[in-house]
Amino acid sequence: MAKGEGKSRALIAVVAPLPSILFYLLFLRCFAGESDSFPLSGVWCYNHPLLLAHLLFFLNIDMLFWIVGLAQSIHWMIDLYWTVIPVLLVHYFASHPLLRGGVWRSRIVILLTWIWSIRLTHSYFRRENWQWGAREDWRFANMRRHYGKNWWWMSFFAVYVSQQVFLMGICMPLYVVYTKDQEMNIFDVVATLVCLSGIVIAYFADTQLHCFVTKNQKLKKLGLELVPTLDEGLWRYSRHPNYFGEQLWWWGLVIFAWNLDQGWTFIGPLINSLCLAYVTVLVEERMLKPRIQSNMLTRST
């Protein structure tokens with residue numbers, strides 16, 4: 001990817017969420033002003049914080065990101081913003097005038113979400129060789145080839161609407177934290193430790209995977225035999241410790257919500273875990289395919 005193209009995509013990524021951010025700041029400003037000048041739309045925004053979050057997601061992420069993706073012929077921004085949207089949501093919930101949560105629980109959840117986001121964003125850019133929009137998710141690329149001419153409209157649902165369902169679903173515990181002001185207890189401590197454990201496990205697992213991939217890339221350039229399997233560090237005990245750490249983070253947030261009598265929020269992380277288990281099978285098949293083809297070629301010669 002050309003250097004100039006990378007800069008333009010970086011600019012687009014920074015500017016893209018501004019419409020919803022500016023709209024929400026305008027809403028807060030109107031709310032803080034005289035009640036007589038508060039517009040009817042502002043009343044709706046005040047009374048329906050969750051629906052407003054969904055509406056902003058649909059218009060700014062689903063619609064705008066989709067149009068940008070079509071213009072660039074690559075849907076890359078949703079991957080990057082998967083690491084950012086939960087941070088935007090937690091600050092949205094924390095600042096919405098209708099929502100109120102415990103002060104210390106709120107601060108802890110915001111801090112944890114920032115730590116998680118920084119960790120995952122760092123992993124994303126490291127994987128992409130510190131480039132903006134160098135490639136799109138391989139699953140989207142496969143669907144692009146499979147659906148051909150119909151991909152332009154199917155991508156709206158497959159790439160963006162589906163992500164809204166998943167992201168808003170797994171972020172429901174963040175919303176719950178700001179619906180009830182309850183004193184902290186031992187379960188908040190447990191939730192914090194589970195979230196931190198997930199972040200730490202995912203960080204070390206991704207770092208070990210990155211070192212493994214980098215080492216094999218160097219061996220390939222030198223014409224040497226590649227290391228076939230990563231079986232050191234956390235990868236000695238799990239086939240996908242990075243996925244395990246990521247799921248541990250989301251389930252830690254569920255403990256926060258369960259402690260506030262909103263255990264139903266487990267549905268989002270459960271669906272996400274089941275989908276990730278399916279994606280894991282696809283990833284393993286994708287990784288094994290070149291090895292199987294190589295073995296078949298060797299046998300035929």
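The protein has 13 helices and zero strands. The coordinates come from a predicted model, and the legends below treat its parts in turn.

**Figure 1. Overall architecture of the predicted protein.** The C-alpha trace spans about 80 × 50 × 30 Å along its principal axes. Of the 301 residues, 41% are buried.

**Figure 2. Confidence along the chain.** The mean pLDDT of the protein is 90, and 91% of its residues reach 70 or more. Among the elements, helix α6 (residues 85-95) has the highest mean pLDDT, 98, whereas helix α13 (residues 267-300) has the lowest, 69. Over residues 291-301 the pLDDT falls below 50, and this stretch makes two contacts in the model beyond near neighbours in sequence. Where pLDDT is low, predicted coordinates should not be read in detail.

**Figure 3. The largest nonpolar core.** This core holds 54 residues, and those with the most contacts inside it are F93, W249 and F256. Helix α4 (residues 49-72) gives the most to the core, contributing eight residues. Leaving aside residues up to four places away in sequence, F93 touches L50, L99, C171, L174, Y175 and Y178.

**Figure 4. The crossing of helices α4 and α9.** The axes of α4 and helix α9 (residues 151-170) come within 10 Å and cross at roughly 145°. The crossing of these two helices is right-handed. On the α4 side, the contact is formed by L50, A53, H54, F57, F58, I61, D62, M63, F65, W66, G69 and L70. These residues meet W152, W153, S155, F156, Y160, V161, Q163, Q164, L167 and M168 in α9. The residues of the contact divide into 16 nonpolar, five polar and one charged. L50 takes part in this contact with α9 and is also one of the residues touched by F93.

**Figure 5. The loop between α7 and α8.** N129 lies in the loop between α7 (103-127) and α8 (138-147), and W130 is placed in the loop between α7 and α8 as well. N129 has a positive phi of about 55° although it is not a glycine. W130, likewise not a glycine, has a positive phi of about 60°. Because its relative accessibility is 57%, N129 counts as exposed. W130 has a relative accessible area of 53% and is therefore exposed.

Figure 6. A32 lies in helix α2 (residues 18-32). With a relative accessibility of 67%, above the 50% cut-off for exposure, A32 counts as exposed. A32 and P97 are 65 residues apart in sequence, and their C-alpha atoms are 9.3 Å apart in space.

Terms used: Residues are numbered from 1 along each chain as its sequence is written. This is a predicted model: local features need pLDDT of at least 70, side-chain atom pairs count only at pLDDT 80 or more; totals for chains, interfaces and linings use all residues. Side-chain values use heavy atoms; hydrogens and water are left out. A nonpolar core is a set of buried Ala, Val, Leu, Ile, Met, Phe, Trp, Tyr and Cys residues joined through side-chain atoms within 4.5 Å. Buried means under 20% relative accessible area, exposed over 50%, partly exposed in between (1.4 Å probe, protein chains only). Helices (H or I, at least four residues) and strands (E, at least two) are DSSP runs, numbered from the N terminus. Contact means heavy atoms within 4.5 Å. pLDDT is the predictor's confidence in each residue, from 0 to 100. Axes are lines fitted to C-alpha atoms, for helices over the stretch in contact, and angles run from 0 to 180 degrees between N-to-C directions. A crossing is left-handed if the near helix is turned anticlockwise from the far one by less than a right angle, and right-handed if clockwise. Ala, Val, Leu, Ile, Met, Phe, Trp, Tyr, Cys and Pro count as nonpolar, Asp, Glu, Lys and Arg as charged, and the others, Gly among them, as polar.
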